[in-house]
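The following paragraphs lead through the structure shown below. They begin with a helix, turn to the aromatic rings and end with a disulfide.

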Amino acid sequence: MKQPLIASAIVAVLALLSGCAKTMQLDDPQLYDQYLTRSYNQRVDVCYNAVLTTFKERGVDLTKADPIAGRIVTEKHVAAIYAGYGVVGTISHRYYIDVKGDTENCTIKITKYKAWKGDNEVPYVKVDDVYAYYWAPLFGGFESNFDEDKDDAIRTREEMDAVMSQHRPELDEIYNQYLKKTKKKFEGYVALKFTIAPKGNIIDISIEATTTGELDFDQLIKAAVSTWNFGEVSGANMTRIVTFSFSAKKLEDSGKNGGRRAHGDGGDKLDSLLKTSGDNGSGGIGGSVGTATDDDVNVNGKRKASDIMKVVEQRKPALRNIYNKYRKKNPEFEGRIVVKFTIDANGDVVKFSILSSTTNNAKFDGEIKKVISGWKFGKVEVGNTTATIPFTFAE
């Protein structure tokens, strides 16, 4: 079922460009309701993870992955080169997907589909063939990745929820102490992707998405969750994406309603976590520029994250100089920028975008973009590499 995207796309795009029975415009809502929507008797998080896994297997990057809203947007990616079939140029695709549901059912809907022949956008599709040879196999990929949930017979969702509920007060206490220690006010969520070994320990964990704007805090939550144990079972590893939301109001309501809270003020634990996670470059004090660890840097391509980060660490003084220039104008200026860039085989940055920024200063962001766009990463034998890296600018 998990057939390669390129192989299934070849016949489909030929259908795009040749005569077929039924033609529909790509802005026709009926197209998405009739052909590109499916419902399943699966938990919404299982469906969401299946979509992520399917595109990852096909080497397709994402421009958006929001587990709270259930929205996913893919990069504009080349499906195939068709010179051998008498077609000039390439066909590229982009998907906009919504995943909705609850603990028992979900609906996966492609809300928008865009296709290009070379640089020219295709306004319509020959539906029957494109569906049979391209869209249906894509949904088949989603469905085949539901299989990862079969290990629920060994480690059930209820058992996992019980462990997370038991540990949740620890995360609230970290949030509470972080607010007090930094004297900052923020809310948001941290989505963690982690793999649980049969013995119950977490063997791999990364930050999948965040809206807190506080990279140091995100690292604290990641460090705390990484110590959890879900109990030993006989079976394979299990990978999940879990979203933890943080709100000062919820924290206050929990205390008023007698919610379970960890004993003590939590300061010692917070200091301990700061020592283990704060020295890894995830944040900074004193006019510093912080980046994430290698594990938190999302890299797709031939280059290793560690190789890219070596160059980043060497080049950070240039970013620090820019930051200090703006701090002279405004001593309280700080923020976090998440950048995404593509490095070609020669080591040049050939594509750059700012995915998010909390600086509220477009001019500063533009100077950061200009500097990073000029970095050189050395040559590799073949292929582009795309990296997503967060930078924290703090006093």
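A residue is called buried under 20% relative accessible area, exposed over 50% and partly exposed in between, with a 1.4 Å probe and protein chains only. The model is predicted, so local features need pLDDT of at least 70 and side-chain atom pairs count only at pLDDT 80 or more, whereas totals for chains, interfaces and linings use all residues. Residues are numbered from 1 along each chain as its sequence is written, and side-chain values use heavy atoms, with hydrogens and water left out.

Helices (H or I, at least four residues) and strands (E, at least two) are DSSP runs numbered from the N terminus. Helix α9 covers residues 305-329. Its buried residues are Ala305, Ile308, Met309, Val311, Val312, Lys316, Leu319, Ile322, Tyr323 and Tyr326.

Aromatic contacts come next. Rings of Phe, Tyr and Trp (its six-membered ring) pair if their centres lie within 6.5 Å; planes under 30 degrees apart count as stacked, over 60 as edge-to-face and the rest as tilted. The whole structure contains 24 such pairs. In one of them, Phe333 and Phe364 have ring centres 5.0 Å apart and planes at 75°, so the pair is edge-to-face. Phe333 lies in the loop between α9 and β15 (335-343) and Phe364 in helix α10 (residues 362-373), so the contact ties together parts 31 residues apart in sequence. Phe333 is buried at 7% relative accessible area, and Phe364 is buried at 0%. Elsewhere, ring pairs join Phe55, Tyr95, Tyr113, Trp135, Phe139 and Phe142 into a cluster.

Charges also sit over rings, a term that requires NZ of Lys or CZ of Arg within 6 Å of the ring centre and within 35 degrees of the ring normal. Lys112 lies over the face of Tyr96, 4.8 Å from the ring centre, and the charged end of Arg168 is placed over Phe246, 4.7 Å from its ring centre.

The structure has one disulfide, defined as a pair of cysteine sulfur atoms within 2.5 Å. Its partners are Cys47 and Cys106, with sulfur atoms 1.9 Å apart. The pair links distant parts of the chain, 59 residues apart: Cys47 belongs to helix α3 (residues 44-57) and Cys106 to strand β7 (residues 106-117). The link is left-handed, with -70° about the S-S bond, and both cysteines are buried.

Terms used: Expected span 1.5 Å × (residues − 1).
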